[in-house]
Amino acid sequence: RFPVEIKTNPPSSLRMFPSAGMDFGTVVKGAGSNPLNITLFNDPADPNAGTVNFTAKLVTGADYIETDNCPATLASNQSCTVTVLFTPTIVGLDPGKITFTYNTSTQIGSVQTIYLRGIGM
């Protein structure tokens, strides 16, 4: 047994689909995984909805390569896609994350985190 940490993102009009994480499963060390995608959506139904202004993006985990088509400003009811490829350089659990920092008219310095999980074999 090992402890499990449950993490959630704070309330925000910025939604993720299909979820808040990407699980790449087991990938042979040195081989690339199939790319996985998550869509970020600025939900106009949220009472705090407004334009999202991305101010920073940080990718942790050296074995993850991230690309996206997210503009600096994501208007209400717009979306963008984040694509990640996992190429393990180690054997075993190899976690990472992508953190987007953004501002809205009602929230300053908010973060949205996409958790990454892969296992090298």
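**Salt bridges and ring pairs in a predicted model**

Q: Which residues are linked in a network of salt bridges?
A: The model is predicted. Its salt bridges include one between Glu66 and Lys57, and another between Lys57 and Asp68. Lys57 takes part in both bridges. The network is therefore made up of Lys57, Glu66 and Asp68.

Q: How many residues apart are Lys57 and Asp68?
A: Their side chains meet in a salt bridge with an N to O distance of 2.7 Å. Lys57 belongs to strand 4 (residues 52-60), Asp68 to strand 5. The bridge thus links distant parts of the chain, 11 residues apart.

Q: What is the N to O distance in the salt bridge of Glu66 and Lys57?
A: A salt bridge needs a side-chain nitrogen of Lys or Arg within 4 Å of a carboxyl oxygen of Asp or Glu. Lys57 supplies the nitrogen and Glu66 the oxygen. The distance is 2.9 Å.

Q: Is Glu66 buried or exposed?
A: The cut-off for buried is under 20% relative accessible area. Glu66 has 13%. Glu66, by contrast, counts as buried.

Q: How many salt bridges does the structure hold?
A: Two of them are Glu66 with Lys57 and Lys57 with Asp68. Another joins Asp23 and Arg117. The total is 3.

Q: How many residues apart are Asp23 and Arg117?
A: Their side chains form a salt bridge at 3.7 Å, N to O. Asp23 sits in strand 2 and Arg117 in strand 10 (residues 110-120). Asp23 is partly exposed at 48%, and Arg117 is partly exposed at 38%. The link spans distant parts of the chain, 94 residues apart.

Q: How is the aromatic pair of Phe24 and Phe86 classed, and what is the angle between the planes?
A: The whole structure has 5 aromatic pairs. In this one, the ring centres lie 5.7 Å apart. Planes under 30 degrees apart would be stacked and over 60 edge-to-face, so the pair falls in between. It is tilted, at 40°.

Q: Which strands hold Phe24 and Phe86?
A: The two residues are 62 apart in the chain, and their pair links distant parts of it. Phe24 is buried at 10% relative accessible area, and Phe86 is buried at 0%. Phe24 is in strand 2 (residues 21-27), and Phe86 is in strand 7 (residues 79-86).

Q: Why is the pair of Tyr64 and Phe86 stacked?
A: Phe86 is buried at 0%. Its ring centre is 4.8 Å from that of Tyr64. Stacking calls for planes under 30 degrees apart. The pair is stacked because its planes lie at 20°.

Q: Which strand holds Tyr64?
A: Tyr64 is buried, with 5% relative accessibility. Its stacked pair with Phe86 ties together parts that are 22 residues apart in sequence. Phe86 lies in strand 7, whereas Tyr64 lies in strand 5 (residues 64-68).

Q: Which residues do ring pairs link into a cluster?
A: Phe86 pairs with Phe24. Phe86 also pairs with Tyr64. The cluster is Phe24, Tyr64 and Phe86.

Q: Leaving aside its neighbours within four places in sequence, which residues is Thr99 in contact with?
A: Thr99 is in strand 9 (residues 96-103). It is buried, at 16% relative accessible area. Its contacts beyond those neighbours are Ala56, Lys57, Leu58, Val111, Gln112 and Thr113.

Methods: Residues are numbered from 1 along each chain as its sequence is written. This is a predicted model: local features need pLDDT of at least 70, side-chain atom pairs count only at pLDDT 80 or more; totals for chains, interfaces and linings use all residues. Side-chain values use heavy atoms; hydrogens and water are left out. Rings of Phe, Tyr and Trp (its six-membered ring) pair if their centres lie within 6.5 Å; planes under 30 degrees apart count as stacked, over 60 as edge-to-face and the rest as tilted. Helices (H or I, at least four residues) and strands (E, at least two) are DSSP runs, numbered from the N terminus. Buried means under 20% relative accessible area, exposed over 50%, partly exposed in between (1.4 Å probe, protein chains only). Contact means heavy atoms within 4.5 Å.
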